[in-house]
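Keep the viewer open as you read.

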Amino acid sequence: MSFGQLTAPSLTSPNDNLTGAYTRQYMSWSRIAAATGYTLQVDTAATFDSPLLYSVEHTNTSSSTQGRHVNDLRYGTQYYWRVRAYNATDTSAWSVVRTLTTTAKVFLDYSNTPADSLTGAYTRQFFCWNNSRGSIGYILELDTVADFSSPHKRTFNKTTAADNTDNYFYYAVNDMRYGTRYYWRVCARNNADTSDWSDTRTLLTTDKVFFTNLSPSDSLTGAYTRQYFYWSNSRGSIGYILELDTVADFSSPHKRTFNKTTAADNTDDAFYYAVNDMRYGTRYYWRVRARNGVDTSGWSDTRTLLTTDKVFLNYSNTPADSLTGAYTRQFFCWNNSRGSIGYILELDTVDDFSSPHKRTFNKTTAADNTDNYFYYAVNDMRYGTRYYWRVRARNGVDTSGWSDTRTLLTTDKAFFTNLSPSDSLTGAYTRQYFYWSNSRGSTGYILELDTVVDFSSPHKRSFNKTTAADNTDDAVYYAVNDMRYGTRYYWRVRARNGVDTSGWSDTRTLTTTYRAFLNSPADNSIGRAVSDLYLYWNNSRGSTKYIIQIDTSATFSSSLLQTLSKTTAADNTDSYFYKIVDGLRYGTTYRWRVCAINNADTSEWSAVWRFTTTYNITTGPALTMPVNDSTGLTYNNITLVWQPMDNVQGYRYEVSTSSTFETLISAGNTSLTFSVVTTALPSTTYYWRVQGYNAQGNTAWSPVWHFTTDDVTLTAPELATPANGSSQPVNVDLAWHPVFGALTYDLQLSFDNNFTSAVSSFNTADTHYTVNGLPQNMTFYWRARSNNGNTQSEWSEVRSFVTNGCQPVSDTLYHEMCEGQSYEFFGISYTATGNYSHMLTTAAGCDSTVVLALTVYPRGMDGSVTDTACDSYTWNDLTFIQSGNYPFYTTTVHGCDSMAILYLTIYNSVTENIYDTATGVYEWNGEHYSVSGDYTQNFSTVQGCDSTVVLHLTITVGIADVAADNVNIFVRGNSIIIEGIEEESVKVFDMVGRPVSNHNLPNGVYMVKVGSLPARKVVVIR
């Protein structure tokens, strides 16, 4: 082996004596110009002779720096490394030797890692640790003892590519026990070694459900009978149990239990369960516990709420109390008492709702309705009448009390609220839209129109406007044609519905216009065409025809008089009309006027306007200088000269860079035959023309001439950015200040400041240029000059900058597939949704990351349905009459195989028989019976199915005793007597579920619960 001219490479990274290094390392060194390859050696021995020696040849020498990735270094091990260069004739000496020591264990100090000694942890936990790059996997141990020796120890493997560059890894663990202390630790592995264990951390899981700022608030009053009960999500739980009762120890026969199921990985902040059919005006207690696949938590704290006992009328759209001027169709609104399945609205003309005019309306809605309010629309209320109204709510088990009573007074006439035509309008059209405020609830209106204020003349006209009773528009109108010109009219309106007619509105007045009004050409205008001349006038709407006269005589009596007509539909609403006039004389003054006609009248003539036609001068001025196509003109002082013309008062000139004169750099009017232009630019071609004008109009334009200005001396650009000697990225933007007269700029970039070799040249019309992909850690020199296509400036000053490194490159590949398929990415097959990255090296030696964004769509159990029905259920054209699980095979929206399952519960209609006896009068569901017999009432079950209850009633002289397993329950006087068991094990409740005393009971029905026996009903009648 010989050493000659090749120098030994300089090591660049990693730094010497590096500690805590990853087990995957990128080792780089400086480029040796004549080298064709390099030898890299890495060993655990400083003499590079151990069995663990890693030696590799590197032949990619195009980059300014060289490097190689080394994988699978051992954990907690010191390594030595060196490099030498070679070519076909020579080998350099070895570089200096550097050393590094790899990390011995995984660290748990990443920001997302569960804090040590965490308390109140979820039973689903994301265990995070710092990524030890170069590792291909991790082992997570979790146990309930600190030495990881219990039978509850769980071990999890996390696998990842060895070149992963993320900052951390995690593993999600489910089904941890509630209220349990856990210990956990992590170690890493690669293809050659396994690291030491990380430090051990501990956490304590929560033992109950919490209510963190969630609803309903504790001790809530005025609650709805349909309630959403919320609690904080104890993540990792797969379900919750909600208990609801009317007593604080959850022991009454009215206790209700609900199960809420959710996926174990749910990460929402809160869960809820909606409960229907709570009783009005009742206090409830509720609590929640959580469960997962292995454990159940303790109960949450107990909260309480009190349901509302009546409907409220304070919603914003509710008719205000004591409202006056109300419509005879009224939307009666009230706050939605959520959970109610219906409402009863009463309306009457007396406040005790006892008159024969009382009307009762039922509003039905689903029990789960969550809107803010309800309403009922009532038609055919009488005009000018005071009404009283109130509302009550009902659900499947109860009826609320009445709301407060409100009153309103209906309007007795129609109104005109900011509507047209305005009162005392003048200049009105003879076709008029009469508008009035819609008196909602009215089915029609009567409009009267007359020329006298008492509506008694023979010209009175009456019109009927019909509209549906439910009309909700703000206004109603009627269009009246053929009103007379220049006439004062009076008009009024009254409303009617199915039962009544209102009084008359106020009377309004308007005066129609007496003539037409001219629009164009403007009065006294000149230079008008002698043919195809358009005469415009304002449309007097309602007119069916116009007469137009045009003449040279002020009396419209000369031989040149033209009388023309224009016809239009009576309902025309355009803004103006026109008539085309031909056969006029040049240079002549004409007068014109218009009158309007409808089916009942003719207007007066309009005002008389005048116009003068154009003169027939067809040639433009002759141009003199600068001579056409002349060049080299001084750009800042150019004199335009042309020949004078007869019968011309002045001249108009235009100068432009375009032969079409789309943009002008100079223009003006002058009485002279020349003008000076001072706004031209150098090295530019300009076009110019001139026309004459007098009182009768303009001449034609002259021919178009052009000239070119002389050049200007260009200066070198002043460089702007980057600053001289600054550090820049490999994509650098070079900028300079603009130079007057420059059209483009030349830019040069070189490795040396004399620009004698390796020069890159660019040309641009902008004052900046971006150079991309420069080598890193190199010094560059640059300069610029200006040019205008003919001449160039001197070069600018020379500046330099240094490139500061690579710019990472990344790309993403997107792929979708179905569960059970695989996708190969850089030699690895993937089957799960995720982002998978692979690192490459660009030709410049920079990192390049390719990310596979893989989406795997699930198969099976897609679109499954859980539902209930009464008696039968139809799904996918199949009818089922029994509860069960029924599969249906199809494909998902993504084309994957799918099996949907119907989880069906069929509830049957129920007929229940009640046998009871009573003394005197028997009360059952609000009805009173005093004669023995069979009585039937129809209800709905809690599942919404038909339920028929038959009461078989026997009216006796005494009280019917109730016996239960040698326990006698009977009534004596004001007390319920229980014989055969200790009284302490007996509880008595009212029918709402509230506990009561056994003694001094008023008449009524009670539930008696003896020990664990079912509750029995007892009737107390004195």
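Thr-123 sits in the loop between strand S9 (118-121) and strand S10 (125-130), with strands taken as DSSP runs of E of at least two residues, numbered from the N terminus. Thr-123 is buried at 0% relative accessible area, where buried means under 20%, exposed over 50% and partly exposed in between (1.4 Å probe, protein chains only). Leaving aside neighbours within four places in sequence, its contacts (heavy atoms within 4.5 Å) include Asp-175, Arg-235 and Asn-292.

A word on the model: it is predicted, so local features need pLDDT of at least 70 and side-chain atom pairs pLDDT 80 or more, while totals for chains, interfaces and linings use all residues. Residues are numbered from 1 along each chain as its sequence is written, and side-chain values use heavy atoms, leaving out hydrogens and water.

Next, a sheet. Five strands make an open, mixed sheet in the order S23-S29-S28-S25-S26, where pairing takes at least two DSSP bridges between two strands. Strands S23 (323-326) and S26 (359-364) are at the edges with a single partner strand each, so one side of each has no neighbour in the sheet. Inside it, S28 (residues 386-394) and S29 (residues 406-410) run antiparallel over 4 bridges, and Arg-386 has Leu-409 in S29 as its bridge partner.

Finally, the cysteines. A disulfide (cysteine sulfur atoms within 2.5 Å) joins Cys-870 to Cys-945, S to S 2.0 Å. The S-S torsion is about -100°, so this disulfide is left-handed. Cys-870 is partly exposed at 29%, whereas Cys-945 is buried at 1%.
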